[in-house]
Amino acid sequence: MTKERLKQLLKPIADGLFGEQRTRGNEPPHYTVRPVGMIVEDLCRIPDEDWALYAFAREPLNGKFNDEQRRELTRQAMACGREYAEKVAAQYGMRDPEKLAARLGLKVDFPDMPQNAERVLFAEFRVPDKIHVYMDGVRKGRALLGEPGVPHALTGQLDIVKLLIGHELFHYVEEQYKKEIWTRTYKIELWAPKFLHNRSTVGILGEIAAMAFTQELNRLPYSPYVMDAFLVYGYSPEAASGLYEEMMERAGRTPRLPQDGGPAALPDAAQQA
């Protein structure tokens, strides 16, 4: 991939690691670049539930919900992901996502990059039984693991490949249990004449559940949404810094600047809690 092609894919980032990761607006990103250690340190402090507004910002039906509903649906989606992680782990007597994928009969491969890529992509599930993990992004992420602050923030528990497989594995599980799993049975009523019913699933709930699923399998103490910014950093520190700003602001926190020291500033209410 040429540098020019990469720039096109990052203006803005339309889709990335999990679901849709967009820098704001349609203009090329112009953000203050932060050290990757600062980014992950701050993002790892965000409680799981506080990712709700960031996640829903990538949902086409986002306008149908208020913030309270977004947070409640996020809690339910995370509970669903954790429930099925425990269910699968108990059934097969293991938590390793790569081994679980093999036991479930999935075909996992590790190409360098997607063919005819129209977006920055790190992994994907393809119905009925294929998971692709794209190693170009994985290598870039691994190269950042030794940067100052990163090992402490991400802990030694992080295995990027297993994290990616775990996320995509949920989408396979979701497909197997589609008649009963909450992320598929929960629907909202769209506009329609009174004599008609136009009900729709909410796609982002599956992504939120997949995050909780892989977090549970991998025993991570932070939300895998942190990886959105971390892995994008390997391609564009500026785009990743834009994601960091959005993530912090949607979680009600103040993004730090490179010259800032100490922990990320919290809103007054949070400081008083």
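A residue counts as buried when its relative accessible area is under 20%. The structure described here is a predicted model. Its chain has 273 residues, and 51% of them count as buried. The secondary structure comes to 13 helices and 5 strands.

**The chain as a whole**

- Among contacts with a separation of 6 or more, 67% are between residues 24 or more positions apart.

**Aromatic pairs**

- The structure holds 9 aromatic pairs.
- One of these is formed by Trp51 and Tyr225, which are stacked, with 5.7 Å from centre to centre and 20 degrees between the planes.
- Trp51 sits in the loop between α2 (36-43) and α3 (52-56), while Tyr225 sits in the loop between α10 (203-218) and α11 (226-233), so this pair ties together parts that are 174 residues apart in sequence.
- Trp51 has a relative accessible area of 2%, so it is buried.
- Tyr225 also counts as buried, because its relative accessibility is 6%.
- Phe56 and Phe65 are both buried.
- Trp51 and Tyr225 also belong to one aromatic cluster, together with Tyr54.

**Helix α8**

- Helix α8 covers residues 160-176, which is 17 residues.
- From its first C-alpha to its last, α8 reaches 25 Å, close to the 24 Å expected at 1.5 Å a residue.
- Of the 17 residues of α8, 14 are buried, so the helix is largely enclosed by the rest of the structure.
- At the start of α8, a side-chain oxygen of Asp159 comes to within 3.1 Å of the backbone nitrogen of Val161.
- In general, an α-helix has 3.6 residues a turn, so residues three or four places apart point the same way.

**Strands β2 and β3**

- Strand β2 spans residues 123-126 and strand β3 spans residues 130-133.
- The two strands pair in the antiparallel sense over 4 bridges.
- Together β2 and β3 form a hairpin, with 3 residues between them.
- Within this pairing, Glu124 has His132 in β3 as its bridge partner.

Conventions: Residues numbered from 1 in each chain as written. Predicted model: local features only at pLDDT ≥ 70, side-chain atom pairs only at ≥ 80, totals over all residues. Heavy atoms only, no water. Expected span 1.5 Å × (residues − 1). Buried < 20%, exposed > 50% of the residue type's maximum accessible area, 1.4 Å probe, protein only. Polar contact = N/O pair within 3.5 Å; in protein donor to acceptor, adjacent residues only side chain to side chain. Contact = heavy atoms within 4.5 Å. Pairing = 2+ DSSP bridges. Phe/Tyr/Trp six-rings, centres within 6.5 Å; stacked < 30°, edge-to-face > 60°.
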